[in-house]
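Dear colleague,

Please find below the structure I promised to hand over, followed by an account of what was found in it. I have arranged the notes by topic, so that you can read them with the structure open beside you.

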Amino acid sequence: MKSRRVRLVARPKGLPLDSDFQIEEFVVNPHLEAGQVLVRTLYLSIDPSMRIWISGQKSYIDPVPLGGVMFGAVVAEVLQSNSSKLQVGDKVQGFFGWVQHAVVSDKEARKLPSDIPPELFLGVLGMNGMTAYFGLLDVGRPQAGETIVVSTAGGAVGSIVCQIARLKGLNVIGLAGSAEKCTTVVSEFGAHHCLNYNDKDLGKQLRFVCPNGVDIYFDNVGGAVLDTVLPTLNKYARIVACGAIASYNDPRGHPIFNYAVIVSKSIRMEGFIILDYAKRYGEAAAALTGWLQEGRLKHQEHIVNGLENGPAAIRLLFSGQNSGKVLVRVADLAARL
Ligand SMILES: NC(=O)c1ccc[n+]([C@@H]2O[C@H](COP(=O)([O-])OP(=O)(O)OC[C@H]3O[C@@H](n4cnc5c(N)ncnc54)[C@H](OP(=O)(O)O)[C@@H]3O)[C@@H](O)[C@H]2O)c1
């Protein structure tokens, strides 16, 4: 059987281009060893960290090698099985990369429940939901009544942080890149206020909506936005350093002029990577599934069709043109192969 996959062929300078990737046909090996399954990808997860993985620098994982198949988390359907654990038709999740079909070990493929759409395990019930859960509750250690500011509040992680913070009784202020996104952050994701960080007077607006200061800043952005939030933080505030998307395409980043506030206000700034919490994923999954089933957690997916549109899907994250979790649909569940 012929299939398709995407290789990284050049290290991007700035925003990733289509020409940094190459799509190729390959023939799927029809022979399954014991414990192996043949899967077809349904959805690829598209994540800002992909920009780091293709940069060539080692971060929390080794970089995608030049000429190698692009890394990525996927949900897939089992087409053939030589495993006692997985049957044809099962939906699985794994880190199989940008491939249409793959032969994988059942040890690499996590079986998904059949009563929940599989793509939710790449977003609200997957890495993004877990990041929001542990970042807020473990790193941020919120107390009811405190004020939190959340950047990328309309995005995959930020929208869930806003909702969990609201469930925990916090005063929630979102930051997003457009008035339209801000409206959604308030109407759908439970923020009390949402400010457009592109407004020149962001610092002034923050002081107006947070008259008692800010206790937690959930930082997905770094750079200029972090610098503007710093002076609004209270004594003993916490900064959850979850991401720094403002610098992923430009490693020189942005100078932080207000750094000394961290010292003078005894602020705790703590970074984390969701993989640190692997042993506790079950705890987050139970809580997130519960809130979802009770109708207390909303989610939004931004679907891009076709494996060949993976690079364009990455670019959406950096232009802010995504509305929620970006996924690439590779195959339709209704289609035969
Ligand atoms: N620590 C971890 O383990 C972990 C795990 C997952 C994700 N993350 C981090 O969490 C952050 C959000 O990831 P996500 O998957 O949820 O993406 P997302 O928020 O769904 O999409 C990215 C958003 O970032 C905003 N953005 C892009 N460039 C920006 C800039 N220069 N300044 C300010 N905002 C900018 C855009 O929103 P606007 O329209 O609002 O500008 C864009 O929609 C990223 O930094 C990511 O690396 C960390």
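**Polar contacts and close approaches in the loops**

The side chain of D90 reaches the backbone nitrogen of Q87, at a distance of 2.7 Å. Please keep in mind here, and in everything that follows, that this is a predicted model. D90 itself is placed in the loop between β4 and β5 (91-94), and with a relative accessibility of 13% D90 counts as buried, because the cut-off for that word is under 20% relative accessible area.

At 4% relative accessibility D47 is counted as buried, and the side chain of D47 is joined to that of K325 by a polar contact of 2.8 Å.

The loop between α1 and β4 (74-81) holds G72, a buried residue whose relative accessible area is 1%. G72 and G97 are 25 residues apart along the chain, yet their C-alpha atoms are separated by 4.2 Å.

**The ligand and its surroundings**

How many residues surround the ligand, and which are the closest? There are 28 of them, and the closest are V157, K181, Y197, I274 and N322. By class, the shell around the ligand divides into 17 nonpolar residues, 10 polar ones and one charged. Three helices, namely α2 (127-140), α3 (156-167) and α9 (310-319), each supply at least two residues of this shell, and the largest share, three residues, comes from α2.

Some distances between the protein and oxygen atoms of the ligand can be given individually. For A156, a backbone N or O atom lies 2.9 Å from an oxygen atom of the ligand, and for N220 a backbone N or O atom lies 2.8 Å from a ligand oxygen atom. In the case of Y248 the side chain is involved, with an N or O atom of that side chain 2.8 Å from an oxygen atom of the ligand. Taken on its own, the ligand has 910 Å² of accessible area, and the protein covers 90% of it.

**Cysteines**

A search of the whole structure for disulfides finds zero. C210 is buried, with a relative accessible area of 5%. C242 is likewise in no disulfide, since the nearest cysteine sulfur, which belongs to C162, is 12 Å away and the cut-off is 2.5 Å. With a relative accessible area of 19%, C242 is also buried, because that value is under 20%.

**Two residues with positive phi**

Most residues other than glycine have a negative phi. Against that background, two residues may be worth a look when you go through the backbone. T152, which is not a glycine, has a positive phi near 45 degrees; T152 lies in the loop between β8 (147-150) and α3, where it is partly exposed, with a relative accessible area of 29%. S266 is not a glycine either, and has a positive phi of about 50 degrees. The loop that contains S266 runs between α7 (260-264) and β13 (268-271), and S266 counts as partly exposed at 34% relative accessibility.

**The chain as a whole**

For orientation, the chain has nine helices and 15 strands. The C-alpha trace of the chain spans about 65 × 45 × 35 Å along its principal axes, and 52% of the 337 residues count as buried.

With best wishes

Note on methods: Residues are numbered from 1 along each chain as its sequence is written. This is a predicted model: local features need pLDDT of at least 70, side-chain atom pairs count only at pLDDT 80 or more; totals for chains, interfaces and linings use all residues. Side-chain values use heavy atoms; hydrogens and water are left out. A residue is near a molecule or strand if one of its heavy atoms lies within 4 Å of it. A polar contact is a pair of N or O atoms within 3.5 Å; within protein, one must be able to donate a hydrogen and the other to accept it, and residues adjacent in sequence count only if both atoms are side-chain atoms. Accessible areas come from the Shrake-Rupley method with a 1.4 Å probe; for residues, only the protein chains shown count as cover. Helices (H or I, at least four residues) and strands (E, at least two) are DSSP runs, numbered from the N terminus. Ala, Val, Leu, Ile, Met, Phe, Trp, Tyr, Cys and Pro count as nonpolar, Asp, Glu, Lys and Arg as charged, and the others, Gly among them, as polar. Buried means under 20% relative accessible area, exposed over 50%, partly exposed in between (1.4 Å probe, protein chains only).
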